[in-house]
Amino acid sequence: LESFNRGMFDFNTGVDRAVLKPVAKGYQAVVPAWARRGVGNFFNNLGDVWSAINNGLQARGEETGDSIGRVMVNTTIGMGGVIVIASDLGIDRHSTNFGATLGRWGVYPGPFIVLPLLGPATLREVAALPVDQQGNLVTHVPDEATRVGLTVVNVVNLRAQYLRAGEVVSAAALDRYTFTREAYLQRQRNADYDGDPPEEDMGP
């Protein structure tokens, strides 16, 4: 899939340079850091609801308890998740999704693929995407304008968070596609084995 992936990677990079990155820079310049942090906290809190469900499906008792606890504490005391109280109380965040749940029960990741606009994934994550979309609470907001607005704000806020990281990758990598692919697959493999992946057989 490398030929397709490289073409899609270049397309996504072009869209990012032309649209997302300039908007994110403008957003960063106008919106103060404390407000951006609050926006990120709010969407993370929504994501923790889906993480709680998937941690349960993965039979991870401690992680499930932490995820439920974070949602309860941050939603109530933390004003809908805008302020992160749970971390100060020692309740860790364990972000996960249905793709990781499939991996937990032995579904092989499959080939690496770059999706239009969505970016890096594996075939397993592509298969899980419809379920993960349903798990995104924003998609269930009945008013379309509100739903679209929340989605746009989340995307722009996320891109603003990674402005510096993108510059580091561009400066460090001779081939940005290969760097992104290897980093992504290594991160996923590490997650599949709970941070302790077996050594890969490199052959004779």
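**Helix packing and selected residues in a predicted model**

Helix H1 (residues 2–30) and helix H8 (residues 176–192) pack at an angle of about 105°, with their axes 10 Å apart. Helices here are DSSP runs of H or I with at least four residues, strands are runs of E with at least two, and both are numbered from the N terminus. Axes are lines fitted to C-alpha atoms, for helices over the stretch in contact, and the angles run from 0 to 180 degrees between N-to-C directions. H1 and H8 are therefore roughly perpendicular to each other. In this scheme, angles of 65 to 115 degrees count as roughly perpendicular, those under 35 as roughly parallel, those over 145 as roughly antiparallel, and the rest as oblique. From H1, the contact is made by Glu 2, Asn 5, Arg 6, Phe 9 and Thr 13, and from H8 by Arg 176, Tyr 177, Thr 178, Thr 180 and Arg 181; contact means heavy atoms within 4.5 Å. Sorted by class, these residues are 2 nonpolar, 4 polar and 4 charged. Ala, Val, Leu, Ile, Met, Phe, Trp, Tyr, Cys and Pro count as nonpolar, Asp, Glu, Lys and Arg as charged, and the others, Gly among them, as polar.

The model is predicted, so local features need pLDDT of at least 70 and side-chain atom pairs count only at pLDDT 80 or more, whereas totals for chains, interfaces and linings use all residues. Residues are numbered from 1 along each chain as its sequence is written, and side-chain values use heavy atoms, with hydrogens and water left out.

H1 also meets helix H6 (residues 144–161). The axes of H1 and H6 come within 8 Å and cross at roughly 85°, which makes H1 roughly perpendicular to H6. On the H1 side are Asp 16, Leu 20, Lys 21, Val 23, Ala 24, Tyr 27 and Gln 28, while H6 supplies Val 155, Val 156, Asn 157, Arg 159 and Ala 160. By class, this contact has 7 nonpolar, 2 polar and 3 charged residues.

Helix H2 (residues 33–57) is another partner of H6: their axes come within 10 Å and cross at roughly 120°. H2 and H6 are therefore oblique to each other. The crossing of H2 past H6 is left-handed, a term used if the near helix is turned anticlockwise from the far one by less than a right angle, with right-handed used if it is clockwise. Arg 36, Val 39, Gly 40, Phe 42 and Phe 43 in H2 face Leu 150, Val 153, Asn 154, Asn 157 and Gln 161 in H6 in this contact. Their classes are 5 nonpolar, 4 polar and 1 charged.

Asn 157 takes part in the contact of H6 with H1 and in that with H2. Apart from residues up to four places away in sequence, Asn 157 touches Tyr 27, Arg 36, Val 39 and Gly 40. Its relative accessible area is 2%, so Asn 157 is buried; buried means under 20%, exposed over 50%, and partly exposed in between, with a 1.4 Å probe and protein chains only.

What does the length of H2 show? At 1.5 Å a residue, its 25 residues should span 36 Å, and its end C-alpha atoms are 35 Å apart, which agrees. The expected span is 1.5 Å times one less than the number of residues. Within H2 lies Ser 51, which is buried at a relative accessible area of 1%. Ser 51 touches Ser 67, His 94, Ser 95 and Thr 96, leaving out residues up to four places away in sequence.

After H2 comes Ala 59, in the loop between H2 and helix H3 (61–76). Most residues other than glycine have a negative phi. The phi of Ala 59, however, is positive, near 60°. Met 79, in the loop between H3 and helix H4 (98–104), also has a positive phi, of about 55°. Is each of these residues buried or exposed? Ala 59 counts as exposed at 52% relative accessibility, and Met 79 counts as exposed at 59%.

Finally, Phe 112 belongs to strand E1 (residues 112–115) and is buried, with a relative accessible area of 9%. Phe 112 and Arg 181 are 69 residues apart in sequence, yet their C-alpha atoms are 7.5 Å apart in space.
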